[in-house]
Amino acid sequence: MPDQELLSTEPATGAVLWRHPIGDADTEVAIARASWAAWAARPLAVRIEALRRFANVVRQRADAFTDLLARETGKPLWEARTEVETVIAKVDISVTSYSERTGQRRIEAPMNTRLALRHKPHGVLAVLGPYNFPAHLPNGHIVPALLAGNAVVFKPSEKTPASGAFLVECFHAAGIPEGCIRLLIGGPDQGKALASHPDIDGLLFTGSANTGIALNRQFAARPEKILALEMGGNNPILVWNTPDLYSAAVLVVQSAFTTAGQRCTAARRLIVDEKLFEPLMAELNKLIGRLIIGEPHADPQPFMGPVIDNNTADMLTESFLTLSTMGGRPLRHMERPIENRPFLTPGMVDMTEAREKVDVELFGPILQVFRKTSFEEAIAEANDTRYGLSASLVSQDPRLYDQFWANIRAGIVNWNKPTNGASSAAPFGGVGWSGNHRPSAYYAADYCAYPVVSSESEQARAAMGVGLRDA
Ligand code: NAD
Ligand code: SIN
């Protein structure tokens, strides 16, 4: 790769998909800074109209966008299509959320005082995106940020820059001023330059805990800037007292292996009642054996594609071996069916008797299994993580769900549903190392504007009743 150019390759084939010169954070931030005030001054209705046009542009270009997302991430076409639909749906959700969470209010106060609550945009917001949802997740910050009147400088992941560029082109094609949504192409160096830029007013980040924690440290000395961190998870799924083990297996497979395990909400740990372990494993093995793993455009459609690149596949293969050297018992080996391509088959390791455990997010199709004899122990195991994004219980017993809900530590707590597939119409975020208490999705409006309260009266008529000497 030449020094000044970023290349994107298709994980499934290794073909070069796209190339683009590396951008410059100073230039993009300066353009955004010069543009945001005019955008913020436009009536909200004008910004809503512009974002609705953006949704229409994406709708018109949906097939091309789907194809690009599938090629660049390796995810199957059906899944790429749902990502495009989520991008479109985000606009209406954000309009509702803006008015509900950050709209104008009049607050009645004593003494004929009128309190007006309104919100103002921060100014220029930087957005850093991950590679697993290169359109939907940055878009989840960008749409509410623009709606609130901010300008945005967006740096997509260096692994999926073409999808990021496509998204930005759609905003521009919809007539959103080019200065208000800027594309910065590059990798971590450009990310660092953007995050540390003195002229941004905040950073909206979706990515790994390692990067997020580094950014959090950096922003500790800049309390005047808003920082929203959406990070990873080491998410548990519990299977306890459930008669339908086929359905349990489906929920586990969907949770752990959709998108080849490359979802922040993917289940990394299966915690199962010792009594159900053998029959559940039998169902899981049958189901996993039937999964189609293939390139995105294959027919019939695959369940999952490759992971993002060969380095990631190598790292995951090594992690699987490490779990075994720690005393884990492989239940299903992770295989690399095509040499030099990052396709991986789902792997499972029984870590119940392991000498040690690692609380890291293995961002791929690896599921660690823990057998437990009491539900209390199962919950304790589930909570034994620094992360806290999502958690699911598969059980027919509502009392167990009550107990689970009350005791589990996570921002998304599901019952008889997968750990992933979160709705954009609800808040999305976690505790611990999964975020910094600034949930996204429906609550993204909260970090895209700040509240301004005005105590107002039409006339400057005032009197002092106490503390004065006679005149
Ligand atoms: P990553 O942290 O490696 O990169 C994310 C972005 O940050 C990229 O644009 C990257 O170039 C940039 N970056 C990397 N190092 C940087 C630095 N030091 N300073 C500034 N910018 C830097 O994440 P990834 O590997 O692209 O994405 C996968 C991760 O994202 C997983 O951990 C996953 O759980 C997480 N994720 C979280 C959510 C969520 O909403 N909570 C959603 C999807 C993915
Ligand atoms: C993700 O953002 O990585 C996954 C979202 C989800 O599927 O819940």
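Predicted model: local features only at pLDDT ≥ 70, side-chain atom pairs only at ≥ 80, totals over all residues.
**Entry 1: around the ligand**

I began with ligand 1 and looked up its neighbours. The shell holds 26 residues, and the closest are Glu158, Ser208, Thr211, Met231 and Glu361. Sorting the shell by class, I found eleven nonpolar, ten polar and five charged residues.

Next I looked up where these residues come from. Domain 1 (5-231 + 435-456) and domain 2 (235-415) each contribute at least three residues to the shell. Helix H7 (188-195) and strand S8 (202-206) each supply at least two. The top contributor is H7, with three residues.

**Entry 2: polar contacts and burial**

I then went through some polar contacts of ligand 1. A polar side-chain atom of Thr211 sits 2.8 Å from an oxygen atom of the ligand. In the side chain of Lys155, an N or O atom is 2.9 Å from a ligand oxygen. Gly129 takes part through its backbone, with a polar atom there 2.9 Å from an oxygen of ligand 1. I also checked the ligand's surface: taken alone it exposes 840 Å², and the protein buries 90% of that.

**Entry 3: cysteines**

How many disulfides are there? I count zero. Cys170 is in none, and the nearest cysteine sulfur, that of Cys180, is 17 Å away.

Are Cys170 and Cys180 buried or exposed? Cys170 has 0% relative accessibility, so it counts as buried. Cys180, at 1%, counts as buried too.

Asp299 and Pro300 are joined by a cis peptide bond, with omega about 0 degrees. Pro300 belongs to the loop between helix H10 (274-290) and helix H11 (310-325).

I also noted two asparagines with positive phi. For Asn241 phi is about 50 degrees, although this residue is not a glycine. Asn241 lies in the loop between strand S10 (235-239) and helix H9 (245-257). Its relative accessible area is 33%, so I logged Asn241 as partly exposed.

Asn340 has a positive phi of about 65 degrees, and it is not a glycine either. I found Asn340 in the loop between strand S12 (329-332) and strand S13 (347-350). With a relative accessible area of 54%, Asn340 went down as exposed, because the cut-off for that is over 50%.

Conventions: Residues numbered from 1 in each chain as written. Chains lettered and ligands numbered in written order. Heavy atoms only, no water. Near = heavy atom within 4 Å. Polar contact = N/O pair within 3.5 Å; in protein donor to acceptor, adjacent residues only side chain to side chain. Areas by Shrake-Rupley, 256 points an atom, 1.4 Å probe, with all protein chains shown as cover. Helix = DSSP H or I, 4+ residues; strand = E, 2+ residues; numbered from the N terminus. Nonpolar A, V, L, I, M, F, W, Y, C, P; charged D, E, K, R; others polar. Domains from an automatic or database assignment. Disulfide = S-S within 2.5 Å. Buried < 20%, exposed > 50% of the residue type's maximum accessible area, 1.4 Å probe, protein only.
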